Amino acid sequence: PISDNPKLGYWKEKVSELTGNAVPESEESKADAAYNLGLESYRNGNLADAKKFWDEALEHDPRHLQAKRNLNRLLNEHPELK
């Protein structure tokens, strides 16, 4: 399962740390964090989670090119996720 992946735990912890800081996190870094969670989800075969995280990355930064590319590729390969 996705929760067993140590890299995913690392990123969730990083997102949590950044969210708790007094200095507001930039939308770009939030987008990057969500993008990375999407990558880990995809690598683990959790395609619905990958889509969710890449959608989230694009909400934070609509110009996030890597998230756009990966999301488009995922939806082309798996139209049932649309």
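A: In this predicted model, Leu-39 touches Trp-54 and Asn-70 when residues up to four places away in sequence are set aside.

Q: Where does Leu-39 lie, and why is Leu-39 called buried?
A: Leu-39 is part of helix H2, residues 27-43. Its relative accessibility is 17%; buried means under 20%, so Leu-39 counts as buried.

Q: What separates the C-alpha atoms of Leu-39 and Leu-8?
A: A distance of 9.4 Å lies between these C-alpha atoms, although the two residues are 31 residues apart along the chain.

Q: What describes the packing of helix H3 and helix H4?
A: Two packed helices are described by the angle between their axes and the distance between those axes. For H3 (residues 47-60) and H4 (residues 65-77), the angle is about 145° and the axes are 9 Å apart. The crossing of H3 and H4 is left-handed.

Q: What makes a set of residues a nonpolar core, and which residues have the most contacts inside the largest one?
A: The members must be buried nonpolar residues of the listed kinds, joined through side-chain atoms within 4.5 Å. The largest such core has 14 residues, and those with the most contacts inside it are Tyr-35, Trp-54, Ala-57, Ala-67, Leu-71, Leu-74 and Leu-81. H2, H3 and H4 each supply at least two residues of this core, with the largest share, 5 residues, coming from H3.

Q: Which residues does Ala-57 touch?
A: Not counting residues up to four places away in sequence, Ala-57 touches Ala-31, Ala-34, Tyr-35 and Ala-67.

Q: Where in the protein chain is confidence lowest, and where is it highest?
A: Confidence is lowest in helix H1 (residues 6-20), with a mean of 70, and highest in H4, at 97. The chain averages a pLDDT of 85, and 80% of the residues score at least 70.

How values were computed:
Residues are numbered from 1 along each chain as its sequence is written. Side-chain values use heavy atoms; hydrogens and water are left out. Axes are lines fitted to C-alpha atoms, for helices over the stretch in contact, and angles run from 0 to 180 degrees between N-to-C directions. Helices (H or I, at least four residues) and strands (E, at least two) are DSSP runs, numbered from the N terminus. A crossing is left-handed if the near helix is turned anticlockwise from the far one by less than a right angle, and right-handed if clockwise. Buried means under 20% relative accessible area, exposed over 50%, partly exposed in between (1.4 Å probe, protein chains only). Contact means heavy atoms within 4.5 Å. pLDDT is the predictor's confidence in each residue, from 0 to 100.
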